[in-house]
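Dear colleague,

I am handing over the structure below, and I would be glad if you could look through it before reading on. My notes on what was found in it follow directly after.

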Amino acid sequence: PDRALYVPVTTGRPEPPIGSAVGYAFLSRSEPADVDVLVDSLAAGARSRVGGVKAVKSAVESAAALDYSIVVDPDGEEVTTIAAPIYDIGNYHGRVYAVVAISAPSVRFDAQREHIVRRIIEVSRLGSRYLEAKGTRG
């Protein structure tokens with residue numbers, strides 16, 4: 001880069017699954033009733049921070065339809081995260097086994113958004129195929 005880049009991101013902090021790209025990707029194959037229970041378990045302040053129950057359900061449905069989720073940090077750190085699920089082939093066939101995600105300063109992310117989306121989905125599908133191949137070998 002032509003200049004130093006500083007992004008004030010707090011690492012290692014616990015994040016609830018509601019309100020994050022990783023959380024929405026994890027929830028993308030969950031039963032609607034399970035999502036309802038999770039949203040209901042949040043404090044009222046946390047629910048309003050993410051736009052309420054309808055906004056959460058919409059984000060989870062969008063993640064399921066697109067096979068990825070994008071969230072711009074709601075705390076104003078101007079960091080965008082994209083997350084895509086890796087699917088289980090074992091006992092929970094079709095459920096989300098893991099999530100691969102990448103975060104970047106929003107200004108950099110927006111410049112290459114389509115490319116990053118394609119690549120992160122590609123990586124998540126490679127992960128799913130790996131699990132499938134490993135599972136068929138015993």
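Helices (H or I, at least four residues) and strands (E, at least two) are DSSP runs, numbered from the N terminus.

Please keep in mind that this is a predicted model, in which local features need pLDDT of at least 70 and side-chain atom pairs count only at pLDDT 80 or more, while totals for chains, interfaces and linings use all residues. Residues are numbered from 1 along each chain as its sequence is written, and side-chain values use heavy atoms, with hydrogens and water left out.

The buried residues of H4 are Gly52, Val56, Ala59, Val60 and Ala63, where buried means under 20% relative accessible area, exposed over 50%, and partly exposed in between (1.4 Å probe, protein chains only). These residues cover an arc of only 115° around the axis, which puts them on the same side of H4; the arc is that of the directions from the helix axis to the C-beta atoms. On the other side of H4, Lys54, Glu61 and Ala65 are exposed.

Gly52 belongs to H4, which comprises residues 52-66, and Gly52 counts as buried because its relative accessibility is 17%. Between Gly52 and Asp40 there are 10.0 Å in space, C-alpha to C-alpha, and the two are 12 residues apart in sequence. After H4 comes Asp67, whose phi is positive, near 70°.

Turning to the strands, 9 of the 9 residues of E2 (residues 79-87) are buried, so this strand is largely enclosed by the rest of the structure. Both of its faces are covered, with Val79, Thr81, Ala83, Pro85 and Tyr87 buried on one side and Thr80, Ile82, Ala84 and Ile86 buried on the other.

Strand E1 (residues 69-72) runs antiparallel to E2 and is joined to it by 4 bridges; two strands pair if DSSP finds at least two bridges between them. Val72 has Thr80 as its bridge partner in E2. E2 and strand E3 (residues 96-105) also run antiparallel, joined by 9 bridges, and the bridge partner of Ala83 in E3 is Ala101.

Finally, the charged end of Arg29 sits over the ring of Tyr87, 4.0 Å from its centre, a term that requires NZ of Lys or CZ of Arg within 6 Å of the ring centre and within 35 degrees of the ring normal.

With kind regards
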